[in-house]
Each structure stands twice: as structure tokens, then as C-alpha cells.
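Me: Hi! Could you walk me through this model? I'd like to start with where the chains meet.

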Amino acid sequence: MVRLTLPPPRRQKFWSRYRMLAVGLGIVGFWVLVALFAPLLSPYAPNVPDMSARLAMPSLQHLLGTDEYGRDLLTRIFFGARLSVFIAVASTLAAIAVGVPIGIYAGYRAGLAGEALMRVMDVFLAFPSLVLALAIGAAIGPGLTGELLAITLVSVPTFARQAYAGTVATKHLPFVESARATGAGVGRLIGRHLLPNMFGPLLVISTLNLGFAVLTGASLSFIGLGVPLPTAEWGSMVSDGSQYLVSGQWWMSLFPGLAIMTIVFAFNLVGDGLRDLADPRMRRSRSLSDAV
Amino acid sequence: MLKKALRGTVGSLAAVAALLLGSVSAPAATQAASTPLVIAYPGSPRTLDTWLAYDLTSDAMILNVYDQLITYAQVKVGKQTQGTLNAYAPMLATHWTSNADHTVYTFYLRHNAKFSNGDPVTAADVVWTYQKGMKATGNLSFLATEGAIKSVAAVNPYEVKITLSHPDSMFLSIIAMYPFSILDAKVAAKASGTYWNSHELGSGPYELQSLDPASQAVFVRNPHYWGPKPHYAKVILKFITDASVRQQLVESGGVQVALALSPLALQTLARSPLVTEHTNLSEDIVFFGMNEQDPPFNNELVRQALSYAVPYSTLIHQVELNQASAMDSSVPIGMPDHTGAGWNYSYNLTKAKALLAQAGHAKGFTFTFTLDASQPDWVQDATLLQASFAKLGVTMKIAQVSDSEYQTLLNAHKMQAYIEQWDSFVNDPGYHLGFLLAGGMATNAANYSNPTVNKLLTQAEFDPNTAQRTRLYQRIQTIINQQAPFLDLYQYKWTVVTYQGVSGYVFYPDQLLRFWAFK
């Protein structure tokens, strides 16, 4: 006798297949909400010193302890989320705005100028991204503008290369040729036919870049190239706390470090999930494994 | 990334643990003379050239290998013996005389002094050394000018005559400093320009046996030394930049002496029964400078108002953890002729608000403060000052810059406000105020200029009468303290930590260790 089992309902199958994507989205969503509602979440001011509570251990009064100025760490982590999310989103959008047109231009025109542009992008890609960002940050100097510029500049080549590859792969496909034959202009070809076809890969790269941007921003702040005092920023909080590790105030570095870890981890989960979602081969292999 | 960082941290901790375990096996109860004395310094020497050296490690390495004509004397302060920069003792010169107006000094050299290569020390070496310094274009050649040295001549092989351009109260204090270390003229004249960056040849208690700038310097006793044999036959300086590693090494006996530790490290070490902290008030001051060419800091009332908004006690007790002391003048406590007259500031926001209103800034103002971010305690000072000034409606925007950028801005007098540290090379109020606050000086980054102060400083420099000079310097301080060109934040203490079994440490206000004193 053969027992037939019914396939799981479609929604349940989606979540079991993409649960890591869901976890990632959940964590990112949590930090976005924290960033939006930071002033409502804590009774403390993030930047006002209270030397009577200096270096207090985690307790009911200060759940994650206080720093060397007696400022509540949880409050500063909440406010730090605003900056980290802003830096990640702003630098990624700026990198897309610069990198994608460069890649499309170089891929579509395929002339000397396009080649030169892509070789410049290759030179940027040849350097380790973090080292390059630190060098650019150091050259520009401390501050939010410098931090954003540094992260944007090292992210641009990734988007340019992706857009270039997408353009080169698509521009001679029959549907593009047909559109061109019917008199479509360059703007229409790019806007209606090339860009939509590279949207999936760009979305994946953008999400992964968000994690990179948070980490790079924190690294820049760690070495003093971030936002000015007394703004709460996760990287500078880890840096400040590192001076107190030997003397036993472990909470000052640990909790902002965990905040950085969770959001970077979450962005990576989302990026990986979106890649799986966009890749038909991944979908097929998962279907096969589900069947087995 | 986190995993990598964690792995790095664990690796560092393991390395430290290995160092500590290796060192614990050494007997620590009493330190035998045959056991080397190991001292942890915060950095390697930049140069051993006596006329160029300008850092804690280089200066100490020079001072323990070379002799000067005279040296700073030791005095009893309570039960403690310590060095003073205001009295002098014989060194290569057994005694000295001067003419009536103190413009010609004759130094009589000891006959048994020899360099570590066996060459005798003669007047020719002294003349060669001084003339080299007077002609040098390096960092410290200005000291010869500061000491008013006009000419140096050998009267005979053991007598040197130094003529000054005018009577100068700083002369003896200056020639006791390490730049005036006597070199072996026969060897030094033949050596190439950079040779002395990494070599030493002196007549002092120790000679440099080896130097690896990346890790350590080893000193052994100078076999030809004319004075009492130092207790330790060998002294090793370990160059350890990480303050927490220095802390852990001295706590475990891995090194016997450690210096330049953070206030937090000293607070932790104070609980250890195995180490002793030797703390003295230094003359190293920290102040908040305000550029007087940049409104509103050209207004004396604004500067006074901010002087009343400094949380002095918090900075000293909470940031410096009592490793600093309150100031009451722009001249540090301990420097001759110091007075607190005219300095009436305490943390009083009501008074500060009233003065701001009187200055026409009742609603406050905004200014940019440049911070040398390499100094962790200044970062804390700045954050607390920012919060305190905010209560007056004054917005202090903090611009963090690197150490090198800060120095460039400081030298250009381009900062609106800044925190700076100053430890006068010469223990004299004329030198101290002349460099910091005399109009037009390259080191006067606050651009403070008061014609009366300038006139009185010149008058005091040339006045041979000690009592009159004291009166002049105290009058200058009263004017400066009232006008508040700086917010005088605090005066650092200087702490040296020794492991059990090591004694004999003698504090000198120049903060340089005399290795020969340790027992």
C-alpha cells in the first residue's frame, strides 16, 4: 500500500525554505524600529554625563551598565543604531547612484572611456576594502561626511562591476535588440530593459553592502575617524571601552560590539536569502533536496 | 571579523601570559645586584644624540651614560629624598666660581674622570661639547642661548671658563641638563652625523651595551666610572608601548620598574601587595587654551566665565583618578616664585553666567574646540567641559584630529580652543611664562599678548637681584591669573611603580630615572 503525503501549504514551505532570510529581516526590522523610536525607549539622555554613576556594572537601573562618564550604555546603543543604520543606508544609496551609471555606461558604450572607467574600478577593487576605507577616511579627516565618503567610495566599484556585467550580458539579447529595432532610445532601453534585468543581483549586493557599511563605519569610528564627540556611535563605544577591558569594565565594549555583530549578521542573512530567492538554480536545488 | 578580533585578543593575552609565567620564576623577595634591573618604558628612543633627544626614553638613556659639569642636588622632603632642579651638586666639576656680576664662571674638573673607552675627560672635551651645542641647529641648541652662553674656553686641561652675554638666573639650571652631556671630543669629532643617533660614549655610571630599538636596550656598569659603583651591574630597558602590558608585567614581577601608566592602571595596581607606587607632583600642567585673536575669547570676561565653569574636582578625581592636582596659577606649583594671587576660580555656574551676561553673551555662543585624540584623558576632559559649558548656553563643537595634525595647527596658532600640556624644560618662571604667554612667541598658541607682562618678563630676565626677580614674577602671575588666558585644568602627578625588592627610587622633577639610584 502506498501512502501519499500531501505537500506542505505554500506559505509554510516558503518560511521553512527562507527562515534565515526571515531571521535576518526580523533583526534588521528590530534595529530599524529601535533607531526610529530611540528617544521613547530610554529614560536617560545619551550624551549627558552623570559622574556619580561612572563605570557602573549592568544592573536593574542600567541594564547594560554605564560608561566612563556615567552615561547609560543601553541608551547610547539605541541612539547609536540611528547613526549606524543611517550610515549604512546613505552610503549604499550613494554608491548605487554613482556605481550603477558608471557600470551601465561602460558596458553599453564599450569604448575607450568605458574601458578606462572599468580599469579604474578594478584598481579600487584590488585594494582590501577596509584598508582602502581607512586610508580615505584618514585622508579626509574625522567626521560624518568623511565617514560617508570613505564608505561610499570603496563601495562604488562593486556596484559598477555588477552593473557592467549585467549590461554586457543583456544588451545583445533579442528583446533588447527588438526594442532597439522599434526605435527605443538609449534612456528607454536602459530604464525599461537593462535595469529591471539587473535589479535582483543589485538588491542582493546592496543588502550585503549594508553590513559592510556598518562594519566599516564602526572601524572608522574605532580609530577616531568617525562622528564628533559626544555622539553615540557603536564603533567609538567599542574603542572607548577597550581601554577599560584590563581593569574589568567588560560591558563597555561587549554590548556595542554585540550590536554591531547582530546587525552585520542580519544584513548578511538578508543578502544571502535574497540571493537564494533570486537564483533559479538555488530554487531548483532546494526543490530537489526537499523532494529527496 | 569578530572571530578574527577575538582570535587576535586571545593571541595577545596568551603572549602576555607567557611573558608573565616566564618572569614569575625569578626570585622576587630581594633583588640581587647580579640580577638585571628591568625597566618598562613606553617607547623606544628616537635618537641618542644629546642635542636632539627629546623623549622620555632617549633622555634617560643619555642621562645615565653621560656626565654633565654639574648636576641637580638631592634634598630631603619629609622622609623622602628627592631631586631638586633649584640646587646643584658637583659632577665632572668638583667646584665652580663666578665673578661678581655672574657673567664669568670657572669650572674645576675632577682629575679621575674617564670615558667608558678609557679616555680621560679634560677641558678640551667640555669646550668641544659646548661649542658643538652652540653651533648646532638641532632641537635643543636654543638652550645655549637661553643660558646666555657667549663663549667657552679651556684655561688648562682641568679648568673651563664660560662667559655669559649677561647675568642669567637659568644658566646653572640649564647646564645641568642632559643636552650638556660631555662628549669624548677625540671620538665624537671623527664620527659621522648620524652615528650618535644610536651610539653613546660617556663618562657616567653606565655604558650602553646593546640597543634594539624594537625591543630593548642593555646597559652595563662603566668600568672607568669615577663615582660610587651603581648597585645593579646590568640594567635592561624594555620598550613596551601598550600601557596595559606594562601594568601586567610589573604586577607579576616581569619587570621591576614601570612608568607612564594610566590612572586606571595605577588605581588597579594600588590594590596589589607586591608593588609600590611612588607618586610625586610633577610640573607638567594641562590647560585649556583660548585663542585671543578669535572672538569671543578676546574678551577677558568670557575667559573668566569659562574658568568658573570648569568642573575642576571632577576632572582631578574622576578622570585623572587623583593622579593630578589642582592648579592655582599658570605657573605650576613647585616652580620657584609660584603664587596663586589673582586666581580665584572654582566651579560656580552662577558666577559664570553673570560674567557671560556682563560680557554680552547672556545666551551663550558657539566655538570650535580642537582635540588631540591621542590623549584618552583629554577626550574625557573635553566631553565633561562640553557638558558643563552647555549649561551656560555655550556650544563647544569638538573637532578630533590626529596627533600630527594637532601639532601642525598648534604651531600655526590656528585653533580657536584646545587642550595642551606643558612641562617646562627649565625650572624657571621666566622660561615657563616666556614660552607660553609672551607676546609673539612661536609657542604661544593662545596668542595672548599683554604689553605689561612682556615688559615685566624682560625686566625679570635681566635682573640679577633674586628677591626683585621673585617680586616681578609674582606680579606677572597675578596679572595673568586675573586675565585667564588659559583654563588651568590640573597639574599631573608622576608615578613610578616598583616591584617588591626594588628600592632607592629618587624622584626628580624632570621625571627622568637615575638607574644608579636603584637598589
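**The A–B contact**

Reply: Happy to! Chain B puts 22 residues into the contact and chain A puts in 18 residues; two residues are in contact if their C-beta atoms, placed from the backbone, lie within 7 Å. This is a predicted model, where local features need pLDDT of at least 70 and side-chain atom pairs count only at pLDDT 80 or more, while totals for chains, interfaces and linings use all residues. Residues are numbered from 1 along each chain as its sequence is written, and chains are lettered from A and ligands numbered from 1 in the order in which they are written.

Me: Which element of chain B gives the most to the side that touches chain A?

Reply: Helix 12 of chain B, with 8 residues. Helix 7 (243–252), helix 8 (263–269), helix 10 (312–319) and strand 15 (395–401) of chain B are also among the elements that each supply at least two residues. Helices (H or I, at least four residues) and strands (E, at least two) are DSSP runs, numbered from the N terminus.

Me: And how do the residues on that side of chain B divide into nonpolar, polar and charged?

Reply: There are 12 nonpolar, 9 polar and 1 charged. Here Ala, Val, Leu, Ile, Met, Phe, Trp, Tyr, Cys and Pro count as nonpolar, Asp, Glu, Lys and Arg as charged, and the others, Gly among them, as polar.

Me: New topic: how many helices and strands are there in chain A?

Reply: Chain A has 11 helices and 0 strands. Its C-alpha atoms fill a box of roughly 75 × 70 × 30 Å along the principal axes, and 41% of its 292 residues count as buried (20 or more other C-beta atoms within 10 Å of the residue's own, with C-beta atoms placed from the backbone).

Me: What about chain B, how many of each?

Reply: Chain B has 16 helices and 17 strands. Buried residues make up 47% of its 519 residues.

Me: Which residues have the most contacts inside the largest nonpolar core?

Reply: Ile39(B), Ala40(B), Leu69(B), Leu109(B), Val257(B), Ala258(B) and Phe515(B), in a core of 84 residues. A nonpolar core is a set of buried Ala, Val, Leu, Ile, Met, Phe, Trp, Tyr and Cys residues joined through C-beta atoms within 7 Å. Strand 1 (residues 37–41) of chain B gives the most to this core, with 5 residues.

Me: Where does this core lie?

Reply: Between domain 1 (1–65 + 204–274 + 500–519) and domain 2 (68–189) of chain B, because both give residues to it. The domain bounds come from an automatic or database domain assignment. Apart from this core lies another, of 65 residues, including Phe367(B) and Val453(B).

Methods: A residue is buried if 20 or more other C-beta atoms lie within 10 Å of its own, exposed if 12 or fewer, and partly exposed in between; C-beta atoms are placed from the backbone.
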